[in-house]
Amino acid sequence: MEGTPVWNSESSLVVESPSASSSSNTAQEKGSLINVDPSSNSVEADQQHTNNEPLQYGGVDLPLPDFSSRLRDVLRFSPDHARMLEPHVPSPTTPYKAMTPKESIRVTLTYAQSLDGAIALAPGMQTALSGPESKAMTHHLRSRHDAILIGVGTMLVDNPSLNCRIEGAGGYGGENLEHQPIPVIIDPQCKWDFGWSKVFELAQKGKGRPPIIVHSAPMPRYRKIPLQKAGGVSMHIPRRSFDDHRISWNDIFARLRLEHDIKSVMVEGGGSIIEELLAPENFWMVDSVIVTIAPTWLGKGAVSAAPKDCVQGVHKVAVAKLKDVKWVPLGDDVVMCAKPDVKVPQK
Ligand SMILES: NC(=O)c1ccc[n+]([C@@H]2O[C@H](COP(=O)([O-])OP(=O)(O)OC[C@H]3O[C@@H](n4cnc5c(N)ncnc54)[C@H](O)[C@@H]3O)[C@@H](O)[C@H]2O)c1
Ligand SMILES: Nc1nc(=O)c(N)c(NC[C@H](O)[C@H](O)[C@H](O)COP(=O)(O)O)[nH]1
């Protein structure tokens with residue numbers, strides 16, 4: 001389809017951050033980044049002088065301008081909006097709800113949809129739905145989670161950066177890899193070629209962390225070696241059973257917590273992943289739902305975020321419900337923040 005809007009790809013930076021450093025897969029409780037200017041969402045870098053040669057005037061060296069935090073495509077999110085979202089993002093005081101303390105991980109399900117409940121124009125198509133303000137919100141959310149999780153379908157279609165480009169995050173004016181989430185890709189059959197991805201490029205540049213790939217089929221050496229060389233991790237989790245190719249979400253979240261100390265994960269899609277987590281057997285694992293609704297209709301044939309229907313006895317019932325709902329207008333979009341209205345099953 002011609003003229004389909006897509007999100008801008010990763011920023012080529014005018015000035016390299018001096019502090020790119022080694023990455024670690026050990027997660028930490030995350031604090032908040034302070035973003036000072038609510039009126040602006042991106043900072044254009046001054047392109048007039050980008051190398052490290054001293055500027056000269058009449059044979060005299062002039063002091064170099066300070067570009068350290070003036071990076072192209074760096075995003076800002078208004079502190080007022082950040083405060084409104086605060087009860088819906090993980091913080092060290094948010095109680096865990098999982099079954100055992102070891103399995104405790106806070107899960108935020110977040111995505112953008114049209115007015116007809118679609119997340120992309122067609123299968124295999126990246127579609128920009130979030131406006132600039134809600135895009136900045138997504139990156140603010142990324143800064144507040146230890147990990148960001150997507151399905152391989154999204155990875156193959158979108159080739160996303162999966163890093164945090166909020167001003168002050170590591171590689172974007174901040175130190176090391178501070179506030180950069182660990183990308184987690186659910187890729188049961190090892191289809192993703194990490195070596196040719198943006199995630200790889202950003203990890204090499206110190207602007208994002210190397211990923212964890214969750215798979216159930218054996219990972220071939222030609223995939224594993226570049227992954228491990230870059231500091232990434234292959235996490236083998238067997239599928240549920242012989243006739244169910246899926247991996248259990250309880251296993252995925254428990255292993256992320258137990259083996260990598262990931263205490264919070266932001267699930268960004270795509271369609272199949274959202275549908276699975278909204279299903280009654282999984283929805284209790286979700287702590288927070290944050291959905292951006294964009295003022296557009298994508299039409300029939302679009303990729304929907306609709307879970308399988310639910311029948312109790314002979315009656316159809318709602319699949320999933322929310323409570324503590326808050327609506328936050330952000331630019332032309334509206335963002336719904338809420339908590340699942342479900343009981344945690346007892347073991
Ligand atoms: N609007 C948004 O917020 C948003 C967000 C993300 C993706 N998208 C769009 O969604 C589309 C991709 O969606 P999709 O449904 O094709 O792909 P997906 O990203 O949901 O990935 C699906 C794949 O993940 C794996 N998977 C999922 N659950 C699994 C489980 N329990 N066990 C084992 N493997 C599992 C399977 O291989 C499956 O084929 C793209 O068009 C993308 O642009 C939109
Ligand atoms: N919040 C949101 N609004 C959208 O309009 C849209 N298309 C996505 N899609 C999510 C998906 O994971 C994308 O691939 C990444 O959002 C790409 O963004 P990055 O390169 O990682 O910054 N997400």
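First, the ground rules. The model is predicted, so local features need pLDDT of at least 70 and side-chain atom pairs count only at pLDDT 80 or more, while totals for chains, interfaces and linings use all residues. Residues are numbered from 1 along each chain as its sequence is written, chains are lettered from A and ligands numbered from 1 in the order in which they are written, and side-chain values use heavy atoms, with hydrogens and water left out.

Let's start with ligand 1. Which residues come closest to ligand 1? There are 24 residues around this ligand, and the closest are Ala112, Thr154, Ile247, Ser272 and Glu276. To be counted here, a residue needs a heavy atom within 4 Å of the molecule. Now the polar contacts, meaning pairs of N or O atoms within 3.5 Å; within protein, one must be able to donate a hydrogen and the other to accept it, and residues adjacent in sequence count only if both atoms are side-chain atoms. Glu276 places a polar side-chain atom 2.8 Å from a nitrogen atom of ligand 1. The backbone takes part too: a polar backbone atom of Met125 is 3.0 Å from an oxygen atom of the ligand, and one of Ile273 is 3.2 Å from an oxygen atom of the ligand. On its own, ligand 1 has 860 Å² of accessible area, and the protein covers 83% of it. These areas come from the Shrake-Rupley method with a 1.4 Å probe, and for residues only the protein chains shown count as cover.

Where does that shell come from? Two or more residues each are given by β5 (106-113), β6 (118-120), α3, β11 and α7. A word on those labels: helices (H or I, at least four residues) and strands (E, at least two) are DSSP runs, numbered from the N terminus. By class, the shell of ligand 1 holds 12 nonpolar, eight polar and four charged residues. Here Ala, Val, Leu, Ile, Met, Phe, Trp, Tyr, Cys and Pro are nonpolar, Asp, Glu, Lys and Arg are charged, and the others, Gly among them, are polar.

On to ligand 2. This one has 17 residues around it, with Thr127, Leu129, Ser130, Asp158 and Leu162 coming nearest. What do the side chains do here? An N or O atom in the side chain of Asp158 is 2.7 Å from an oxygen atom of ligand 2. For Arg142, the distance from such a side-chain atom to an oxygen atom of the ligand is 3.0 Å, and for Glu268 it is 3.0 Å. Taken alone, ligand 2 exposes 520 Å², and the protein buries 94% of that. Helices α2 (132-143) and α3 are the elements that give two or more residues to this shell, and α2 has the largest share, with three residues. The shell of ligand 2 divides into six nonpolar, seven polar and four charged residues.

Next, the aromatics. Rings of Phe, Tyr and Trp (its six-membered ring) pair if their centres lie within 6.5 Å; planes under 30 degrees apart are stacked, over 60 edge-to-face, and the rest tilted. How many aromatic pairs does this rule give? The count is three. Trp192 and Phe194 have ring centres 5.5 Å apart and planes at 70°, so they are edge-to-face. Trp192 is buried at 4% relative accessible area, and Phe194 is buried at 3%; buried means under 20%, exposed over 50%, and partly exposed in between (1.4 Å probe, protein chains only). Trp249 and Phe253 make a tilted pair, 5.5 Å centre to centre with 40° between the planes. These two residues are separated by about one helical turn because they sit four residues apart in helix α6 (residues 249-260), and both are buried.

Finally, the backbone. Most residues other than glycine have a negative phi, and most peptide bonds are trans. Asn159, not a glycine, has a positive phi of about 45°. Asn159 sits in the loop between α3 (152-158) and β8 (182-186) and is partly exposed, at 27%. Cys190 also has a positive phi, near 55°, in the loop between β8 and α4 (198-205), but Cys190 is buried at 6%. The peptide bond from Gly269 to Gly270 is cis, with omega near 0°, and Gly270 lies in the loop between β11 (264-269) and α7 (271-278).
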